[in-house]
Amino acid sequence: SLKGDLPAILTEMRDSLHGIVKSLLLPRENRSAVLDYFAKVLTLNVKKSGLQAQEDVLSGDGFLLNFLSVILDLSAGVDLEKVDTDYFLSAACRLDLSEETRICATAEETEK
């Protein structure tokens, strides 16, 4: 039955998407554009976590599940020694986190 095959079909589709995105990231000249796309998807869907999200202007759950599945698969191959732990604080950060919730920090502390 199709219902029993659905998890296998989703896995195969997500593996294919991972392969496509990974092949787009391999050439250095493509990386910036792909990372800009990732940032744009996240930025446009920042309101998705809200209590009263406007579903008609946000990406669907299926798209975001597939998107995040690919991102998670890509992150599995990252060497943690090469990760810049201060990236989100740097000017190079592609995401605007100024309006995100702060845990145990004042506005002044987050601006530093």
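Visitor: Which element gives the largest share of the lining of the largest pocket?

Guide: Keep in mind that this is a predicted model. Three helices, α1 (2–25), α2 (28–44) and α3 (61–75), each supply at least two residues of that lining. The largest share is six residues, and it comes from α3.

Visitor: How much space lies in the largest pocket, and which residues are closest to its centre?

Guide: The space in the largest pocket is about 1300 Å³. Its lining is made of 26 residues. Closest to the centre are L25, L35, L74, S75 and V78.

Visitor: How many residues of each class are in the lining of the largest pocket?

Guide: Sort the lining by class. Four residues are polar and seven are charged. The nonpolar residues number 15.

Visitor: How much space lies in the second largest pocket, and which residues are closest to its centre?

Guide: About 600 Å³ of space lies in the second largest pocket. Its lining has 19 residues. Those closest to the centre are L42, N45, V46, K47 and E100.

Visitor: Which element gives the largest share of the lining of the second largest pocket?

Guide: Two elements give two or more residues to this lining: α2 and α3. The largest share is three residues, and it comes from α2.

Technical notes. Residues numbered from 1 in each chain as written. Predicted model: local features only at pLDDT ≥ 70, side-chain atom pairs only at ≥ 80, totals over all residues. Heavy atoms only, no water. 1 Å grid on protein atoms, 1.4 Å probe; cavity = no way out; pocket = protein on both sides within 12 Å on 5 of 7 lines; lining within 4 Å. Points joined across faces, edges and corners; volume = space filled by probe spheres on them. Helix = DSSP H or I, 4+ residues; strand = E, 2+ residues; numbered from the N terminus. Nonpolar A, V, L, I, M, F, W, Y, C, P; charged D, E, K, R; others polar.
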